[in-house]
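The sequence and structure are shown first.

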Amino acid sequence: MKTLVIYTSQTGFTKKYSEWLAERMSADILELKDAKKKDDSFFAGYDAIVYAGWCMAEKLVKSGWYFKMSSAWKEKRLAVICVGGSPIDNPRIDGMLKNIISDEQRKYIRAFYCQGGFNYEKMNLPSRLVMKMFVKTLKNKKNATEEEKQMAEGISHSYDISDIKYLDPVVDYLNA
Ligand SMILES: Cc1cc2nc3c(=O)[nH]c(=O)nc-3n(C[C@H](O)[C@H](O)[C@H](O)COP(=O)(O)O)c2cc1C
């Protein structure tokens, strides 16, 4: 299975998962900005093409190009990986994975989630400000639930909950 992994990462978690996947699949790996420069004949050489991006407000960032291209790749094995700060057992993840691809796309693309973390040191200023406001809103919320209080506390500092094992279902799917 000749595989290509295309990724976008701001603080490094998605890059790390993409490199792990490329290693496990002996795949080629490209940043999205470089993939966009390639022509159709380049992609024709791959049996599987994966896009990995990070999630922002429950959306898969910069996924538009991949979804547009993938309508011509239906004969290949296709997957998107969404890397986020939420733990994999967060009940919102199923809904998010359903929302990032349409019913039509689901016929030929599989969506996966990998837990990453937060890295405020590497985050750009706009993202840091958004997160600061979000945490402040949650902390000041009257009648906040226990879950919201815990979330506000958890995401107010950097943490890393990534692990290569979260790629197991992706590898199984690509090798099936
Ligand atoms: C503005 C903003 C919004 C985010 N929204 C979500 C979210 O809805 N769900 C989630 O699990 N993580 C969310 N995150 C966390 C990132 O997805 C997480 O830090 C991810 O690991 C970043 O990947 P990267 O290191 O490849 O950039 C958000 C982060 C930022 C900065």
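Into which domains is the protein chain divided? In this predicted model, the protein chain is divided into domain 1 (3-119 + 159-175) and domain 2 (120-157). Seven residues of domain 1 and eight residues of domain 2 make up the contact. On the domain 1 side that touches domain 2, two residues are nonpolar, five are polar and none is charged. Taken over C-alpha atoms, the centres of domain 1 and domain 2 are 26 Å apart.

The ligand has 22 residues around it, of which S9, T14, W54, G84 and G116 come nearest. Two or more residues of this shell come from each of helix 1 (13-25), strand 3 (48-56), strand 5 (77-84), strand 7 (117-118) and helix 7 (125-140). Both domain 1 and domain 2 supply at least three residues to the shell around the ligand. Its composition by class is tabulated below.

| Class in the ligand shell | Number of residues |
|---|---|
| Nonpolar | ten residues |
| Polar | eleven residues |

In soluble globular proteins, nonpolar side chains tend to be buried together. Here the largest nonpolar core has 34 residues, and V80 and I81 have the most contacts inside it. The elements giving two or more residues to this core are strand 1 (3-7), helix 1, strand 3, strand 5, strand 6 (109-115) and helix 9 (168-175). Leaving aside residues up to four places away in sequence, I81 touches Y17, V50, A52, F112, C114 and V170.

Definitions and conventions
Residues are numbered from 1 along each chain as its sequence is written. This is a predicted model: local features need pLDDT of at least 70, side-chain atom pairs count only at pLDDT 80 or more; totals for chains, interfaces and linings use all residues. A residue is near a molecule or strand if its C-beta atom, placed from the backbone, lies within 6 Å of it. Helices (H or I, at least four residues) and strands (E, at least two) are DSSP runs, numbered from the N terminus. Ala, Val, Leu, Ile, Met, Phe, Trp, Tyr, Cys and Pro count as nonpolar, Asp, Glu, Lys and Arg as charged, and the others, Gly among them, as polar. Domain bounds come from an automatic or database domain assignment. A nonpolar core is a set of buried Ala, Val, Leu, Ile, Met, Phe, Trp, Tyr and Cys residues joined through C-beta atoms within 7 Å. A residue is buried if 20 or more other C-beta atoms lie within 10 Å of its own, exposed if 12 or fewer, and partly exposed in between; C-beta atoms are placed from the backbone. Two residues are in contact if their C-beta atoms, placed from the backbone, lie within 7 Å.
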